[in-house]
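Try each task before reading its solution.

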Amino acid sequence: MAMIKSLIVNATLVLALALPAMAWAADQPTVSPVPAFSVNANSATDQSASDDSPQAIRAAKHQLYIPNKTPVPLEGYRWPTTRLKIYLATRNRPLVAAFRDAVKAWNSTSVVHLTWTRHRGQADIIAEAGDLSNGQPSPAVGYVTTQLGSTRSEYNPDTHALIRAHSTLDAPHLEYTSRIFRSEVAQHELGHALGLAHAPQGSYSVMIPNNVRTGITKADRQTIRLLYGTSN
Ligand SMILES: [Zn+2]
């Protein structure tokens, strides 16, 4: 029985759908949304848990090195291994496709190797669908803010080791976007699940907080290499 002190961090990607007030009131689905992201400040909550899962025991063994200069900022934790198991906790077809694309994209860095598991209990990362809309309508300007994705990461603050991560994609609000865009949002969330933080807005990275418009870039690949200590 290992008493693991862990922190849970929420990193959220928020989409502001810019809809004209009239159209919003009329609830017209044909209005083409203009994506403009904003991001919630990362929040960390202390949590002490008795956790003797394989992940927690593995995480407790070593203090992990976290580089301090990387092209894309880091959250300050990482997995103790590059071989990770991911569990698909949704059957929503567009989101399944997005997560599968995103896993392939991160695996193509040849730094991390994510494989799908059918056993939730063995998973390092849980990929799930959710309705993240705690919508914050601002009727005065006719905008409504909706979260597109969110990643909750549990890690050991003493060893910097990730224990488990949950990446959630918002099913209702991603439904009307393109497959490529959904894949990019999934890549962004799995980037958080691997330990990447937000890149400065305007930089060329899948980890920009607002309005993701690329998949994994050179800067993202360099960062994941530095974090997981491989030189290829
Ligand atoms: Zn994010």
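Helices (H or I, at least four residues) and strands (E, at least two) are DSSP runs, numbered from the N terminus. This is a predicted model, in which local features need pLDDT of at least 70, side-chain atom pairs count only at pLDDT 80 or more, and totals for chains, interfaces and linings use all residues. Residues are numbered from 1 along each chain as its sequence is written, and side-chain values use heavy atoms, with hydrogens and water left out.

**Exercise 1. Describe helix α5 and what comes just after it.**

Step 1: α5 covers residues 179-194, which is 16 residues. Step 2: its first and last C-alpha atoms are 22 Å apart, close to the 22 Å expected at 1.5 Å a residue; the expected span is 1.5 Å times one less than the number of residues. Step 3: 14 of the 16 residues are buried (under 20% relative accessible area; exposed is over 50%, partly exposed in between; 1.4 Å probe, protein chains only). Step 4: just after α5, Gly195 has a positive phi of about 115 degrees.

**Exercise 2. Find the protein donors of the zinc ion.**

Step 1: donors are N, O and S atoms within 2.8 Å of the metal (3.2 Å for Na, K and Ca); water is not among the atoms, so sites may look incomplete. Step 2: the NE2 atoms of His188, His192 and His198 lie 2.0 to 2.1 Å from the zinc ion. Step 3: their spacing along the chain is H-x3-H-x5-H. Step 4: His192 is buried at 1% relative accessible area, and His198 is buried at 17%.

**Exercise 3. Is Gln187 buried or exposed?**

Step 1: Gln187 lies in α5. Step 2: its relative accessibility is 6%, so Gln187 counts as buried.
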